[in-house]
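Subject: Structure handover

Hello,

Please find the structure below. My notes on it come after, for someone who has not seen it before.

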Amino acid sequence: MPELPEVETIVRDLRPHLVGATVAAVEVGHPSVVRHPGLAEFLRALPGRRIERCQRRAKFIALRLDGPGSLFVHLGMSGTLTLDRPEVPARPHTHVRLRLGSGAELRYVDPRRFGRLMLGTPPELRAAGQLPPLGIEPLSPRFTAERLGAVLASTRRPLKAVLLDQARIAGCGNIYTDESCFLARVHPARPAAGLRPREVRRLRDAIRVVLRKAIRNRGSSIADYRDGFGARGAAHESLLVYGRGGAPCVRCGLPLAQSTVAGRTTVYCRGCQA
DNA sequence: CCCCTATCCTGAGGGC
DNA sequence: TGCCCTCAGGATAGGG
């Protein structure tokens, strides 16, 4: 579900309310979402900890705690992390609740339970196989056309597969990958290493424009996604290709093509993305 | 290394 | 109205 812009929106929403707050109590409804450490240790280690930072890395939410370690949350396909007043009834599939010293409640809701919560330092979690290798942040200043070119040059896999590969570029999912390829006018199934330098530059710029615009619009609420306060985003209202297979291309009017690339539904324009 | 498929789950939507 | 099928924004394991 949530890609970089959705996770970033949540982090920005929650940050002012979480930083400085103390975890007063923890309740876990469905233990399978707690991946590390074990449930008992998770319940033991969290209460009393103070949240020092609230940040995004790739599609992970990282709540840095006092003392060593962070609480990492990955939302999977259908997860949400919201701050609620405790008297508001919890929605179905609320699996974890953190009651805060402020009285508010941080709730992890995830119908499909593909998401997960983990507690520890990055090296610990990497050693436990819970935190995968993560590539460059596409919104960082280090994400230059040269850098993207180097990433793409290393493989002949389809471009889209590389953009979705979190170990190479962190944060892009199915929606914004298709949007970026369209904006850059490159075909998502082209071998990554085959892009010309000017196409790489266009793609680099397109990825940043697409992600920034989606953040400005507070994320795409196509199904389950909600912001840090449970409200829907508006980014899905201005998507150019995602979910529009068969509809006319906004640039040339040709019906948008839909096929499977890198195992994912992919929408693109045969005319504009040669 | 690459690529595809199945898998973890629930819910929404379409066809009949 | 209901049943069945397919599909979904993610990530990973296993097979060819």
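Predicted model: local features only at pLDDT ≥ 70, side-chain atom pairs only at ≥ 80, totals over all residues.

Residues are numbered from 1 along each chain as its sequence is written, chains are lettered from A and ligands numbered from 1 in the order in which they are written, and side-chain values use heavy atoms, with hydrogens and water left out.

DNA strand B

Around DNA strand B are His-93, Pro-111, Arg-112, Arg-113, Phe-114, Thr-155, Arg-157 and Pro-158; a residue is near a strand if one of its heavy atoms lies within 4 Å of it. Of the atoms of DNA strand B that come within 4 Å of the protein, 60% belong to sugar and phosphate. By class, these residues are 3 nonpolar, 2 polar and 3 charged. Here Ala, Val, Leu, Ile, Met, Phe, Trp, Tyr, Cys and Pro count as nonpolar, Asp, Glu, Lys and Arg as charged, and the others, Gly among them, as polar.

Polar contacts are pairs of N or O atoms within 3.5 Å; within protein, one must be able to donate a hydrogen and the other to accept it, and residues adjacent in sequence count only if both atoms are side-chain atoms. Arg-112 has a polar side-chain atom 2.9 Å from a base oxygen of DNA strand B. Pro-111 uses a backbone N or O atom, which lies 3.4 Å from a sugar or linking oxygen.

Pocket and cavity

Both were found on a 1 Å grid over the protein atoms alone: a cavity is a set of points where a 1.4 Å probe fits but cannot get out, a pocket is an open set with protein on both sides within 12 Å along at least five of seven lines, and lining residues have an atom within 4 Å of a point. Grid points are joined across faces, edges and corners, and a volume is the space filled by probe spheres set on the points.

The second largest pocket has a volume of about 210 Å³. It is lined by 13 residues, and Ala-62, Arg-64, Ser-70, Phe-72 and Pro-122 are the closest to its centre. β3 (51–57) gives the most to this lining, with 4 residues. Strands (E, at least two residues) and helices (H or I, at least four) are DSSP runs, numbered from the N terminus. The lining has 4 nonpolar, 5 polar and 4 charged residues.

There is 1 cavity of 30 Å³ or more, and the largest cavity has a volume of about 40 Å³. Its lining is 9 nonpolar, no polar and 1 charged residues, including Leu-63, Val-96 and Arg-107. β8 (105–109) supplies the largest share, 3 residues.

In α4 (residues 145–153), Ala-145, Leu-148, Val-151 and Leu-152 are buried (under 20% relative accessible area; exposed is over 50%, partly exposed in between, with a 1.4 Å probe and protein chains only). They lie on the same side of α4 because they cover an arc of only 120° around the axis, taken from the directions from the helix axis to the C-beta atoms. Glu-146 and Ala-153, on the other side, are exposed.

Gln-273, in the segment after β11 (264–268), is buried, with a relative accessible area of 1%. Its side chain reaches the backbone oxygen of Val-186 at 2.9 Å, and a polar atom of that side chain lies 2.7 Å from the backbone nitrogen of Cys-269.

Regards
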